[in-house]
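Please go through the structure shown below together with this briefing. The topics run from the whole chain to single residues.

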Amino acid sequence: MELNFLSAFFLTNILEMPAAFLFLRKTEEAKLVFPAIFLLNCLTLPFVWIVFPSFLQMPYFSVLLISEIFAFTVEMAAYAIIFSKTSRLTAVFAAFIANAVSFAIGFALQF
């Protein structure tokens with residue numbers, strides 16, 4: 001089953017929201033988890049799906065690696081800022097697990 005951008009966007013949000021919420025649910029800003037992830041995916045997913053693949057003249061897996069590192073880095077930094085009352089390590093784990101889950105399932109659905 002091949003994914004298009006819109007279905008990837010919905011799938012990414014559906015997978016990343018509960019994954020990140022597991023790490024961020026005990027923070028004072030827990031009510032911001034779902035809107036924050038939605039807005040961050042609005043920012044990062046077009047780069048992952050459109051910008052990097054269109055402009056980087058590199059093999060597929062190189063573009064994929066750069067795209068995923070970009071998404072993880074931006075989201076991790078944003079989590080650390082938005083959820084400032086939690087530890088930086090929690091922000092790292094939340095971003096890593098959320099992106100790992102959506103990447104693994106999305107990648108599996110591509111093939």
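Predicted model: local features only at pLDDT ≥ 70, side-chain atom pairs only at ≥ 80, totals over all residues.

Residues are numbered from 1 along each chain as its sequence is written, and side-chain values use heavy atoms, with hydrogens and water left out.

**Overall fold**

- The protein chain contains 4 helices and 0 strands, where helices (H or I, at least four residues) and strands (E, at least two) are DSSP runs numbered from the N terminus; in sequence order the pattern reads α-α-α-α.
- With a radius of gyration of 14 Å, close to the 13 Å that the globule rule gives for 111 residues, the protein chain is as compact as a globular protein of that length; the radius is taken over C-alpha atoms, and the rule is 2.2 Å times the number of residues to the power 0.38.
- The C-alpha trace of the protein chain spans about 40 × 25 × 20 Å along its principal axes.
- Of the 111 residues in the protein chain, 38% are buried, a class defined as under 20% relative accessible area, with exposed meaning over 50% and partly exposed in between (1.4 Å probe, protein chains only).
- Among contacts in the protein chain with a separation of 6 or more, 68% join residues 24 or more positions apart, contact being heavy atoms within 4.5 Å.

**Aromatic pairs**

- The whole structure holds 14 aromatic pairs, counted when ring centres of Phe, Tyr and Trp (its six-membered ring) lie within 6.5 Å, with planes under 30 degrees apart called stacked, over 60 edge-to-face and the rest tilted.
- One of these pairs is Phe21 with Phe34, which is stacked, at 5.4 Å centre to centre and 20° between the planes; because Phe21 lies in helix H1 and Phe34 in helix H2 (residues 33–55), the pair ties together parts that are 13 residues apart in sequence.
- Phe21 is partly exposed at 28% relative accessible area, and Phe34 is likewise partly exposed, at 36%.
- Phe47 and Phe52 form a tilted pair, because their ring centres are 5.8 Å apart and their planes stand at 50°; Phe47 is partly exposed at 29%, whereas Phe52 is buried at 16%.
- One aromatic cluster is formed by Phe5, Phe9, Phe10, Phe38 and Trp49.

**Surface**

- The protein chain exposes about 6500 Å², of which carbon and sulfur atoms supply 77%; accessible areas come from the Shrake-Rupley method with a 1.4 Å probe, and for residues only the protein chains shown count as cover.
- Leu22, Phe23, Leu89 and Phe93 form a nonpolar patch on the surface, with about 390 Å² of accessible area together. Patches are made of residues with over 30% relative accessible area and no salt bridge, where like charges are joined within 9 Å and nonpolar side chains (Val, Leu, Ile, Met, Phe, Trp, Tyr) within 5 Å; a salt bridge is a side-chain nitrogen of Lys or Arg within 4 Å of a carboxyl oxygen of Asp or Glu.
- Helix H1 (5–24) and helix H4 (88–110) each supply at least two residues of the nonpolar patch; Leu22, in helix H1, is exposed at 56% relative accessible area.

**A loop residue**

- Ala30 sits in the loop between H1 and H2 and is buried, at 15% relative accessible area.
- Beyond its neighbours within four places in sequence, Ala30 is in contact with Phe21, Leu24 and Arg25.
- Ala30 and Phe83 are 53 residues apart in sequence and 8.0 Å apart in space, C-alpha to C-alpha.
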